[in-house]
Amino acid sequence: EMEPEERHFQEKVDADIRIEPRDWMPEGYKKTLIRQIGQHAHSEIVGQLPEGNWITRAPTLERKMILLAKVQDEAGHGLYLYCAAETLGISRDEMTEMLLSGKMKYSSIFNYPTLTWADIGAVGWLVDGAAIMNQVPLQRTSYGPYSRAMIRICKEESFHQRQGYDIMMKMAKGSEAQKRMAQDALNRFWYPSLMMFGPSDANSVHSEQSMAWKIKINTNDELRQKFVDQTVPQAEYLGLTIPDETLKWNEEKGGYDFAEPDWDEFFDVLKGAGPVNNDRLEARRKAWDDGAWVREGLLAHAEKKRASKVA
Ligand code: ACO
């Protein structure tokens, strides 16, 4: 039996009325949102690292400017999302401390290195492609500040996906060596991209409750299927081969049958044992420590201004 305030809350959710920061909400709803939005924000910030790695080595000035703008967009996405989470009563500093101490996660995908320029194409095409697939439905998520952040983020994310596909087109239609690099990038990023949607529905702890609260709109497997169905023709257009021999169109379900990623690898990456987990956290820790004097300076300045107003 639900308490009246909880019933009222659920009725609003069911009627697609947004929940706003001052509205009553169950503790579990708030906790789940902080976890998901915070994890999402951290992912945007950590996600700058694999691409930032290539800014100085982009092959042309134009590619450098595009990549620079894209990486800046990711920083902006992280900031909108931290702000959305802050409306739930947690601060950005607290979330950052939790990331650095391992109490909060970021997306598994960013624990894989970007080894060649073609990887930057694959990240835009597949990683941002998977991100959009997950984020478009989240524009209708029940929590107002999160849904509004998603609307803006999705607009920029589609530009990111296109720039990645554009790099892949150049590489795939280029010299034999470029084509080999493009195929190699697809080979390495395919399964990690499928993992971005989270564990299979049978192993997804939060899906059922999160969907009842409309924090999530689709299950992990639904979105993974949509992503595969969208991406296979794109790979065909590029003349590249998805590294899955079992991949096959299934007329009856109107989608592709495909191989599951290696879930042991996924859970290892979540535990911190991915190829570059340590480097990523080390980079975040260094940025946080190096920025301490700026935060302290801003605080001291704010204090001074407040004191002079009182005087
Ligand atoms: N990477 C890291 N952790 C993951 C991932 C992933 N790809 N997928 C699932 N997990 C974690 C969950 O956080 C959860 O762990 P926790 O309880 O310790 O938090 C556990 O695995 C079980 O998974 P689910 O119960 O399915 O978790 P959830 O309902 O949160 O679904 C999902 C996962 C789909 C990623 C959801 O959180 C979501 O939609 N998040 C918003 C989108 C997002 O974070 N995108 C970031 C990458 S895109 C980008 O930044 C460019």
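H42 counts as buried because its relative accessibility is 0%, where buried means under 20% relative accessible area with a 1.4 Å probe and protein chains only. The residue lies in helix α2 (residues 27-46); helices are DSSP runs of H or I with at least four residues, numbered from the N terminus. Leaving aside residues up to four places away in sequence, H42 touches G47, Y82, M95, T96, L99, M104, K105 and Y106, contact being heavy atoms within 4.5 Å.

The model is predicted, with local features requiring pLDDT of at least 70 and side-chain atom pairs pLDDT 80 or more, while totals for chains, interfaces and linings use all residues. Residues are numbered from 1 along each chain, and side-chain values use heavy atoms, without hydrogens and water.

Helices α6 (residues 117-138) and α8 (residues 176-195) pack at about 35°, their axes 9 Å apart. Axes are lines fitted to C-alpha atoms over the stretch in contact, and angles run from 0 to 180 degrees between N-to-C directions. The contact involves, among others, W117, V123 and V127 of α6 and M181, F189 and W190 of α8.

The structure holds 1 cavity of 30 Å³ or more. A cavity is a set of points on a 1 Å grid over the protein atoms alone where a 1.4 Å probe fits but cannot get out, and lining residues have an atom within 4 Å of a point. The largest cavity is lined by P50, I109, F110, Y112, V123, V127 and F189.

The table gives residue classes; Ala, Val, Leu, Ile, Met, Phe, Trp, Tyr, Cys and Pro count as nonpolar, Asp, Glu, Lys and Arg as charged, and the others as polar.

| Residue set | Classes |
|---|---|
| Contact of α6 with α8 | 14 nonpolar, 1 polar, 2 charged residues |
| Lining of the largest cavity | 7 nonpolar, no polar, no charged residues |

Conventions:
Helices (H or I, at least four residues) and strands (E, at least two) are DSSP runs, numbered from the N terminus. On a 1 Å grid over the protein atoms alone, a cavity is a set of points where a 1.4 Å probe fits but cannot get out, and a pocket is an open set with protein on both sides within 12 Å along at least five of seven lines; lining residues have an atom within 4 Å of a point. Grid points are joined across faces, edges and corners, and a volume is the space filled by probe spheres set on the points. Buried means under 20% relative accessible area, exposed over 50%, partly exposed in between (1.4 Å probe, protein chains only).
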